[in-house]
Amino acid sequence: MKNLLQVALGILAAIGGFVDIGDLVFNVQAGAAFGYRLLWVVVIGVVGIIVYSEMCGRVAAVAGRPVFDAVRERLGFSVGLSALIASEIVNFMTLAAEVGGLAIGLQLLSGLPFHLLALVAALALGLVIWVLPFEWIERLFGYMGLCLLVFAVAAIKLHPDWSAVADGFVPSSPPGDRLVYAYFVIGLLGAAMTPYEVYFYSSGAVEEGWTPKDLGLNRANALIGYGLGGFLSLSLMIMAGALFLPNGIEPELLGTVALGAQVPLGTIGLLLALLGICFAVGGAAIDTCFSGAYNLAQFFGWEWGKNRTHAEAPRFTLAWLVLIVLALGVTMTGIDPVMLTEYAVIFSVVALPLTYLPILLVANDRAYMGRYVNGRVANAFGVVYLLVILVVAVTAIPLMLLTNQGQG
Amino acid sequence: MSKEIDLGLGVLDHQLVDSEGRRCGKVDDLELEGVADGRPAVAAILVGASAWRGRGVLGRLAARLARGRMTRVPWQEVADVEATLKLRRKASELRLGRGDDRARRIVEWIPGAR
């Protein structure tokens with residue numbers, strides 16, 4: 001019973017932790033531009049992250065390896081180093097975007113100047129990581145992130161045309177500009193399958209000392225946690241399709257997203273939305289910050305881990321401290337966090353194959369996995385998604401340039 | 001150790017863990033002996049930035065940029081080859097994990113680091 005409760009608590013934290021600034025930006029913008037027509041992409045993206053998270057969790061539980069151990073063992077030093085550099089760049093851009101997003105969220109709540117709040121945001125994140133035990137961090141941000149469920153209520157209150165919503169789960173020929181439509185398809189996939197999620201997930205599984213006994217927990221976490229996280233993404237898009245599209249609102253500011261809860265639900269809706277955004281984005285900032293440090297430590301063989309004291313894993317500690325300071329520096333230049341998010345998501349798509357290929361290879365290796373190697377279903381999904389990721393990775397940057405970041 | 005080990009996939013680039021469970025570097029390269037007389041064997045594990053020189057173009061570049069030292073760990077010090085390579089002694093006795101030791105002096109300045 002206690003176990004079941006723990007699973008449930010872990011899953012709740014995962015839902016809150018799934019949505020980050022990339023999901024907020026791309027789902028809402030896609031809804032505002034194309035209504036419900038891109039809902040199917042969210043489903044594809046969420047299934048993808050479930051497939052690969054499950055695989056990563058299984059590799060961690062059975063072979064005891066987090067992602068970047070596998071990357072280096074399988075791709076060797078040189079190719080592995082390229083994967084590391086690519087993922088560190090993308091991870092850092094994401095972190096900077098999340099810190100900026102948190103500052104905007106705090107600004108909308110308090111009305112204080114942006115630069116002051118960026119400083120407050122970075123200090124608060126650093127302090128939280130330094131002082132709180134990891135489990136508390138995960139729960140605090142995960143549970144408070146659940147305030148985002150207000151967008152599901154908002155979506156229902158806005159009385160969307162449910163038959164049009166249902167049609168959105170089936171791909172249809174795009175209205176208007178095909179290139180912009182394709183750009184959003186790629187952005188939505190990238191936002192759902194952000195690589196830091198698997199780095200973080202697999203490193204956490206190794207730290208918690210998962211064994212093959214935990215494979216049920218792994219499956220439940222991946223399936224339900226990310227599945228319900230996907231539900232939040234769908235809610236955001238439906239809300240935007242019901243409110244922003246008919247009113248011709250282009251949500252280029254994070255504050256506009258919160259408007260989506262305020263219009264149908266009033267001040268309480270606005271407050272919950274802002275709180276949810278702050279905690280979801282803040283939680284993602286912590287995840288990306290750790291991911292950056294995990295990857296470095298795992299590639300170079302340093303001691304790492306959030307469950308060790310800071311002095312026991314010193315280079316790991318310095319790595320995340322430096323990442324936060326650098327992210328603050330980027331935020332202080334006044335760069336628009338929403339624009340930075342779009343770049344981060346699109347570039348992350350390019351780094352995806354280098355992350356997911358080694359995982360697929362290791363998950364298929366009997367020497368590592370014994371009888372827990374990928375079954376046919378996991379492989380079918382794994383290979384199909386790898387192909388999808390490859391196509392998406394090749395087309396991402398050309399599409400971003402051709403469409404002027406989706407603005408046509 | 002009598003089990004069959006694939007050096008390329010099972011040893012190279014794997015994590016080193018010392019006798020106290022501390023992570024202390026990767027198998028950056030391997031030193032072989034007896035290749036000329038037809039009885040090749042692994043003499044030592046090479047750990048550290050200089051060992052990256054033998055690891056492709058990017059490895060050479062990284063080795064030059066990092067300018068780190070290299071530690072040679074005789075193969076006799078390896079206790080077991082599993083997901084990680086378990087060593088028989090403490091990292092400090094094998095001159096491993098020195099980067100972490102140096103960084104620790106900085107991190108310990110911050111209150112609450114222990």
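Q: What lines the second largest cavity?
A: Keep in mind this is a predicted model. The lining is made of Met55(A), Cys56(A), Val59(A), Arg65(A), Pro66(A), Val67(A), Ala70(A), Ser202(A), Ile359(A) and Val362(A).

Q: How does that lining divide by class?
A: There are 8 nonpolar residues, 1 polar and 1 charged.

Q: And which helix gives the largest share?
A: H3(A), with 3 residues. Helix H3 (39-63), H4 and H14 of chain A each put in at least two.

Q: How much space is in there?
A: About 50 Å³. The largest cavity has a volume of about 70 Å³, and the structure holds 5 cavities of 30 Å³ or more.

Q: OK, the largest one then: which helix gives the most to its lining?
A: H14(A), with 4 residues. The lining includes Thr341(A), Ala344(A), Val345(A) and Ser348(A), and by class it has 6 nonpolar, 5 polar and 1 charged.

Q: Switching to the interface: how much area do chain B and chain A bury between them?
A: About 2500 Å², with 55% of it on carbon and sulfur atoms. Arg23(B), Lys26(B) and Asp100(B) supply 25% of what chain B buries against chain A, more than any other three residues.

Q: What does Arg23(B) form a salt bridge with?
A: Glu303(A), and the closest N and O atoms are 2.8 Å apart. The count between the two chains is 5 salt bridges.

Q: Which element of chain B gives the most to the side that touches chain A?
A: H3(B), with 6 residues. That side of chain B has 14 nonpolar, 8 polar and 11 charged residues.

Technical notes: Residues are numbered from 1 along each chain as its sequence is written. Chains are lettered from A and ligands numbered from 1 in the order in which they are written. This is a predicted model: local features need pLDDT of at least 70, side-chain atom pairs count only at pLDDT 80 or more; totals for chains, interfaces and linings use all residues. Side-chain values use heavy atoms; hydrogens and water are left out. Buried area is the accessible area (1.4 Å probe) that two parts lose on being put together, summed over both. A salt bridge is a side-chain nitrogen of Lys or Arg within 4 Å of a carboxyl oxygen of Asp or Glu. Ala, Val, Leu, Ile, Met, Phe, Trp, Tyr, Cys and Pro count as nonpolar, Asp, Glu, Lys and Arg as charged, and the others, Gly among them, as polar. On a 1 Å grid over the protein atoms alone, a cavity is a set of points where a 1.4 Å probe fits but cannot get out, and a pocket is an open set with protein on both sides within 12 Å along at least five of seven lines; lining residues have an atom within 4 Å of a point. Grid points are joined across faces, edges and corners, and a volume is the space filled by probe spheres set on the points.
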